Amino acid sequence: MTSPKMLFHLLSRRTPPAFSFHYQVYPPNPHYFLQFHRLTTAPPTPPPRDAALAKLILSSDPQTLTQTLQDPTIQWTSDLVNRTLKRLSNHGPKALHFFKTVDRHHSLSSSDSFDLAIDIAARMRDYKAVWALMARMRARRIGPGPKTFAIVAERYVAAGKPDRAVKVFLSMQEHGCVQDLNSFNTILDVLCKSKRVEMAYNLFKALKSRFKADCVSYNIIANGWCLIKRTPMALEVLKEMVERGLEPSLTTYNTMLKGYFRAGQIKEAWEFFLQMKRRKCGIDVVTYTTLVHGFGCAGEIERARRIFDEMVKEGVLPSVATYNALIQVLCKKDSVENAILVFEEMLRKGYAPNSTTYNVIIRGLCHAGEMDRALTFVERMKDGDECEPNVQTYTIVIRYFCDAGEIEKGLDVFEKMGSGNCLPNLDTYNILISAMFVRKKSDDLLVAGRLLVEMVDRGFLPRKLTFNRVLDGLLLTGNQSFAKEILRLQTRCARLPRQFKL
DNA sequence: TTAGGGTTAG
């Protein structure tokens with residue numbers, strides 16, 4: 001076994017950089033205030049109507065929708081279309097109906113809107129719609145572009161069809177899209193991120209000379225091996241990179257550092273970091289965030305804190321992500337109280353927490369059984385103007401209410417999110433449906449049945465197991481007619497084209 | 001949407 005020190009020697013860059021540059025967004029710089037000033041003094045722009053529009057679309061049936069959308073006061077900018085599509089993305093059928101209706105009347109010409117619609121169709125595994133939309137893009141000469149292919153490939157992989165994803169990549173040219181090193185790197189990354197590393201590596205080996213693989217390609221593959229905890233393979237790949245004369249970048253080192261932590265090689269991670277320091281790799285905020293998170297996850301809270309304090313002395317300011325890492329590990333391995341102290345400290349220092357920050361705190365409070373306090377943080381998100389609660393926020397709260405046996409409260413949160421402007425996703429439905437079995441109440445099973453019908457209606461495909469559990473439950477509690485309805489629904493789902501099936 | 005750092009619990 002080679003030691004990290006030896007390997008580092010192998011990987012280290014030949015010429016140390018003259019200086020290192022730390023890019024920071026926060027604390028805010030004076031330009032932000034100038035920008036804010038300009039925004040407040042500019043003539044008032046009408047607020048985006050996407051929220052109201054999404055509500056309207058959700059409450060109207062397909063027949064009246066066309067009329068609704070013909071309101072002449074609506075300015076169909078691509079921004080409005082995109083925002084609305086995003087709001088409707090957890091209601092695929094409505095989202096696509098909306099897109100098709102607006103497109104029919106206004107002939108949309110933004111590739112971003114098409115990409116969003118294609119993503120929604122692909123998530124529903126409606127590949128016929130996906131390819132029809134891609135053909136329409138081509139006819140309008142607005143695509144399909146590299147981003148479109150990235151989306152489609154990603155969705156094929158997520159649906160368990162990585163071979164189809166590769167085929168799509170290989171056929172880019174035929175569909176009028178340039179196929180270059182960037183798109184090669186993208187398909188490698190899509191495969192790696194979904195842990196199809198072996199397949200990515202084979203593709204890489206087969207095509208690396210054709211596409212002239214660069215440092216990014218190698219970093220993607222190394223990261224892939226790290227994701228499945230195979231650090232020796234990652235190092236082997238990087239060794240080849242260096243031998244081919246490609247210089248490792250700071251990303252390369254940060255990737256390996258994270259890889260060691262992920263594989264539980266804490267000692268190696270530390271040694272590797274010391275080498276990075278010694279060799280003046282230009283350690284940055286990502287390096288430090290990796291250390292804080294890595295040591296924290298390993299239970300070494302004090303060490304994580306020490307590194308957090310040390311980075312400032314070294315001239316690297318923490319980012320929101322660094323705070324999120326520290327807050328998360330404090331929640332997990334220390335106490336939520338200490339995590340909240342850090343949260344308050346970041347506010348004092350002028351950082352703007354994002355939805356991840358809030359979600360981490362909310363989860364910590366839920367985990368500690370402090371549901372009421374968790375809900376006050378959800379309210380804080382609503383009141384503040386930084387970030388609204390998202391589907392993850394609500395799903396966390398619902399999960400913990402259900403786990404604590406407070407199913408009514410879970411359902412209550414579910415109702416509120418659905419009637420507001422945040423639609424539940426597959427996770428939300430799965431959690432709630434499972435919760436409907438714990439009390440062994442006949443009424444709960446009716447709710448489970450209704451949720452199942454609703455999720456199918458919104459373009460989600462329940463697992464076979466979910467269908468069977470609901471069916472058994474309904475039959476056992478004497479709800480024969482509803483069971484029959486569910487059975488018909490299951491048959492309908494099963495009759496969908498093969499690609500619809502899980 | 002060409003690469004690296006924050007989100008579950010099992």
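Okay, let's start with glutamate 406, which is partly exposed, at a relative accessible area of 31%. Keep in mind that this is a predicted model. The partner of glutamate 406 is lysine 409: the two form a salt bridge, and their closest N and O atoms are 3.2 Å apart. Lysine 409 is partly exposed too, with a relative accessible area of 41%.

Asp103, Arg136 and Arg140 are joined into one network by salt bridges that share partners. As for the overall tally, the structure holds 19 salt bridges.

Now, two pairs I'd like to show you in more detail. In one of them, the side chain of arginine 87 meets that of aspartate 50 in a salt bridge, at 2.6 Å from N to O. Arginine 87 sits in helix α5, residues 78-87, and aspartate 50 in helix α3, residues 50-59, so this pair ties together parts that lie 37 residues apart in sequence. Which of the two is buried? That's aspartate 50, with a relative accessible area of 5%. Arginine 87, on the other hand, is partly exposed at 28%.

The other pair is arginine 155 with aspartate 119, again a salt bridge between side chains, 2.6 Å from N to O. Here the helices are α9, residues 146-158, for arginine 155 and α7, residues 111-123, for aspartate 119, so the bridge links parts 36 residues apart in sequence. Aspartate 119 has a relative accessibility of 18%, and because the cut-off for buried is under 20%, it counts as buried.

Let's move to the largest pocket, which has a volume of about 790 Å³. What lines it? There are 30 lining residues, and the ones nearest the centre are Arg123, Met124, Gly459, Phe460 and Leu461. If you sort the lining by class, you get 15 nonpolar, 6 polar and 9 charged residues.

In terms of helices, α7 and α9 each supply at least two residues of that lining, and so do α25 (426-435), α26 (442-457) and α28 (480-495).

Notes. Residues are numbered from 1 along each chain as its sequence is written. Chains are lettered from A and ligands numbered from 1 in the order in which they are written. This is a predicted model: local features need pLDDT of at least 70, side-chain atom pairs count only at pLDDT 80 or more; totals for chains, interfaces and linings use all residues. Side-chain values use heavy atoms; hydrogens and water are left out. A salt bridge is a side-chain nitrogen of Lys or Arg within 4 Å of a carboxyl oxygen of Asp or Glu. Helices (H or I, at least four residues) and strands (E, at least two) are DSSP runs, numbered from the N terminus. Buried means under 20% relative accessible area, exposed over 50%, partly exposed in between (1.4 Å probe, protein chains only). On a 1 Å grid over the protein atoms alone, a cavity is a set of points where a 1.4 Å probe fits but cannot get out, and a pocket is an open set with protein on both sides within 12 Å along at least five of seven lines; lining residues have an atom within 4 Å of a point. Grid points are joined across faces, edges and corners, and a volume is the space filled by probe spheres set on the points. Ala, Val, Leu, Ile, Met, Phe, Trp, Tyr, Cys and Pro count as nonpolar, Asp, Glu, Lys and Arg as charged, and the others, Gly among them, as polar.
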